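Hi,

Here is the model I promised to pass on to you. Please open it alongside this message, and then read on for my notes.

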2 protein chains.
Amino acid sequence: MAKDKSPRRVRAETPKGFRDYFGADVTERKVMLDAIAEVYHRYGFDPLETSAVETVEALGKFLPDVDRPNEGVFGWQDEDGDWLALRYDLTAPLARVAAQFRNDLPSPYRRYAMGPVWRNEKPGPGRFRQFYQCDADTVGAPSVAADAEICAMLSDALEAVGIERGDYIVRVNNRKVLNGVMEVAGVLDPADPDRHAAERGIVLRAIDKLDRLGPDGVRALLGKGRLDASGDFTAGAGLGDTQAEVVMAFMDARRDSGAATVARLRELVGPSRIGAEGVDELETIAQLLDQMGYGADRLVIDPSVVRGLGYYTGPVFEAELTFEILDEKGRPRQFGSVSGGGRYDDLVKRFTGQAVPATGVSIGVDRLLAALRAKGRAGGTSTGPVVVTVMDRDRMADYLGMVADLRAAGIRAEVYLGNPKNFGNQLKYADKRQSPVAVIQGSDEAARGVVQIKDLVLGAQIAANATVEEWKSQPAQFEAPRGELVARVREILARNGGL
Amino acid sequence: MAKDKSPRRVRAETPKGFRDYFGADVTERKVMLDAIAEVYHRYGFDPLETSAVETVEALGKFLPDVDRPNEGVFGWQDEDGDWLALRYDLTAPLARVAAQFRNDLPSPYRRYAMGPVWRNEKPGPGRFRQFYQCDADTVGAPSVAADAEICAMLSDALEAVGIERGDYIVRVNNRKVLNGVMEVAGVLDPADPDRHAAERGIVLRAIDKLDRLGPDGVRALLGKGRLDASGDFTAGAGLGDTQAEVVMAFMDARRDSGAATVARLRELVGPSRIGAEGVDELETIAQLLDQMGYGADRLVIDPSVVRGLGYYTGPVFEAELTFEILDEKGRPRQFGSVSGGGRYDDLVKRFTGQAVPATGVSIGVDRLLAALRAKGRAGGTSTGPVVVTVMDRDRMADYLGMVADLRAAGIRAEVYLGNPKNFGNQLKYADKRQSPVAVIQGSDEAARGVVQIKDLVLGAQIAANATVEEWKSQPAQFEAPRGELVARVREILARNGGL
């Protein structure tokens, strides 16, 4: 390969915050998503794939980080002056589809969607600007039976990909209960719903940060505000002590049984009509799930779940993995949330002017896959190909014939297509490809109609452990007639447990 | 659902040139791509998924429509002033990856990629701004054995998705032969390769349009230019009659056998060194493929194949479906090209300054899927779910229990989640969902511990054809104990050939 003297070279870099997925990254994710899709399909959900590009108008501004309402998406202006952008989630496009095709779609419409979404956020370690989501939603179903179904399906999906019962919990809450608590705390006036909206936003985000900030941090945010370790000040909701106490009690309302939690919540929402409605819905969901066989080992009512997004209107839920993994510093910590969702009855209304009830869930694909890897449960890792080496450049047709025979027998196989001059490079290549078998045929072997077959797995074991006797009794390389190539390779692959 | 008085409604529309894929659109494509991926995997190719976003610099400007060099992509400027854009194909990102990860990837690197690409072109009927591609490429393999392998794999992939042998042909040519012809025609000077570049571009595009313009149209473009039916004039390459004759003879050089075509091409390229090299390569590819068992029923040398893209440097190939379909006006026409590719040895060099040989193929996913549909071979169409209707809103838990039992038995099932008041709507819903079975349980049945099971497929047949006797002997609706629900539904599904 000759050096080029051209001075201007293009930088070979992914844009900041973007990444590539290689080999097993792709297949492991595919195996996981296929398993989830199978569950969604069984529940009657149909696939939908919307385009990556939407009008900015259709997407709306629902990203949790309300401090930057105009940012968060990758957008541009088209030739007609319309602003277009890459979708930031799969829910906004669904709302657009539900409105655009409302006369054609079945109602209720159960749909699932899997694909990348894009966020124009500051990239950081493990934080990318393109990532996968995997959603299931039911549009047009007003009853909480739809929410219960989504929770049951989420539970089934987690088990289908390999998260065992006991290693996860689906936690359910209801925004209406929170609204009831807000009413009691004096930051929600049913007669004037827009009043105190900013305070409620702060309360919502404070509760959502309980895990990270602890009770004292949340309490500070409910009151005058919070100064963090770096000296940054976050404004508080300005609640008095008694008001804040109601919210704190709400977060702490989980009891040993669902019935006890429901009773405690009833106390807290007191006379609030919306609060009582929320508690009733929670009770119904818990009963429905229980009768479907989804008990407390899989689903619990947990008032600390609120979800950051502003558009939820009723039940909200979250799936948390409860097993421990080691963090970057080697300390054990719970894996945490891999999925969340809830009811959002007003999203479609933006388009149609008519309220359309909707509920759904989104699985964080990368996080769930990371969990499966941590548990050693990620599927789809493939064996490397059999590598047919090239001893004699002029007999390429012979080598291609060998791989053609192997492939026709369903065996993954390659001929070495680099410069064949240095044979060591060919074996290094086979090693890098994690090949189980190498096939070698020089002119001498060709004249005799035979091939050398090298068991690379056994060879590596022998190199690591074997005595000379073992090596002699089970040689990692042997000669075989060309006509027996496929059969002999198949024997080795069967012995190594892969084909 | 109450009307909202808000005056500003958001338009529920996909941006111009974009579309949504529903249900079978998604599953049929998935089944096809899975089958192709299985072939690619068997050939030793590894999956790669690059991000949708690249720097404009990395993408380069290789779109065929050279009249609009600054257009063709969707781009925007990031916060650092860098221009980013959505990828317009899967080859440019591969070149970037091959350069960026050259020290980590095996060499040669065989990779496949499947995913959407975006083109900022004028949308039209059947012409979208986002579409799927499915590529396989080998980077770092200088020998034409790599090109032969790609051709064989393309052939296997077409058969794997359901295109039968005889219904397709892979046509192979070589850009070097064309360059030899250009040399003979006087528009390529080996001593000054940049000279006549514009003329060669016109010749290339003219040949690529042979199908559409016919020999006379191409000849006009080779000479003074062409006036089309609408009165638009396209400038020609300015070749004299003798020069044009050489090019016309090249397009017409296909003979009955590969050997005869090769002999004819040797005459045409005459003394051109690059031309002779191209003919040698063509001959080698044909021999290799023949020895791998891919004969003239699957692969032919066809000098009329040139491919529109500017970056090809050696072998080029195209898969054409040879069966007829009816066009919009009901006239039979050949289905045409569904895939193309070739060798592009200079793309990676843009990044590294070093020449890196590469070759690959791209399958037009939407076109191939359309062909499978035309042949009735598209897979993955799913049956609708069993629909459990809701007679008694208070017993939702019972109905959810029925679908839970059905799903646990692997049967796709749904409870009706819309407003249950109008029972007719529930059956209309089941019809829209193409449900094979509906389950009904009113309070009377519940008290007796039974369910009504309605075979909707049989019901439709009876409604269409049956006599009263047939209807009596095989009723489409029957009663069964609740405990036998799963077993009886399974019987119906088995009878209808689906589960």
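Predicted model: local features only at pLDDT ≥ 70, side-chain atom pairs only at ≥ 80, totals over all residues.

Residues are numbered from 1 along each chain as its sequence is written, chains are lettered from A and ligands numbered from 1 in the order in which they are written, and side-chain values use heavy atoms, with hydrogens and water left out.

**How the chains are related**

**The interface**

Counting contact as heavy atoms within 4.5 Å, chain A contributes 107 residues and chain B contributes 107 residues. Of the interface residues of chain A, 99% are also interface residues in chain B, so the copies meet through the same surface. The buried area is about 9,000 Å², and carbon and sulfur atoms give 56% of it; this is the accessible area (1.4 Å probe) that the two parts lose on being put together, summed over both. On the chain A side, Glu49(A), Arg407(A) and Leu417(A) lose the most area to chain B, together 9% of what that side buries.

The rule for salt bridges (a side-chain nitrogen of Lys or Arg within 4 Å of a carboxyl oxygen of Asp or Glu) finds 22 of them across the interface. One of them joins Arg129(A) to Glu79(B), at 3.1 Å from N to O. The chain A side that touches chain B consists of 50 nonpolar, 25 polar and 32 charged residues. Here Ala, Val, Leu, Ile, Met, Phe, Trp, Tyr, Cys and Pro count as nonpolar, Asp, Glu, Lys and Arg as charged, and the others, Gly among them, as polar.

**Strands**

Helices (H or I, at least four residues) and strands (E, at least two) are DSSP runs numbered from the N terminus, and two strands pair if DSSP finds at least two bridges between them. Strand 2 (residues 46-49) of chain A pairs antiparallel with strand 1 (residues 21-22) of chain B over 2 bridges. Glu49(A) has Tyr21(B) as its bridge partner there.

An open sheet of 9 strands with mixed pairing runs in the order 1(A)-2(B)-6(B)-7(B)-14(B)-13(B)-12(B)-8(B)-11(B). Its edges are strand 1 (21-22) of chain A and strand 11 (299-301) of chain B, each with a single partner strand, so one side of each is left without a neighbour in the sheet. Within chain B, strand 13 (residues 332-343) and strand 14 (residues 358-364) run antiparallel and are joined by 5 bridges; Gly340(B) stands opposite Ser362(B).

The peptide bond from Ser107(A) to Pro108(A) is cis, with omega near 0 degrees, and Pro108(A) sits in the loop between helix 3 (91-100) and strand 6 (109-118) of chain A. In chain B, the bond from Ser107(B) to Pro108(B) is cis too. Gln434(A), not a glycine, has a positive phi of about 50 degrees.

Over all chains there are 95 salt bridges. Among them is Arg298(A) with Asp156(A), the closest N and O atoms being 4.0 Å apart. This pair links distant parts of the chain, 142 residues apart.

Best wishes
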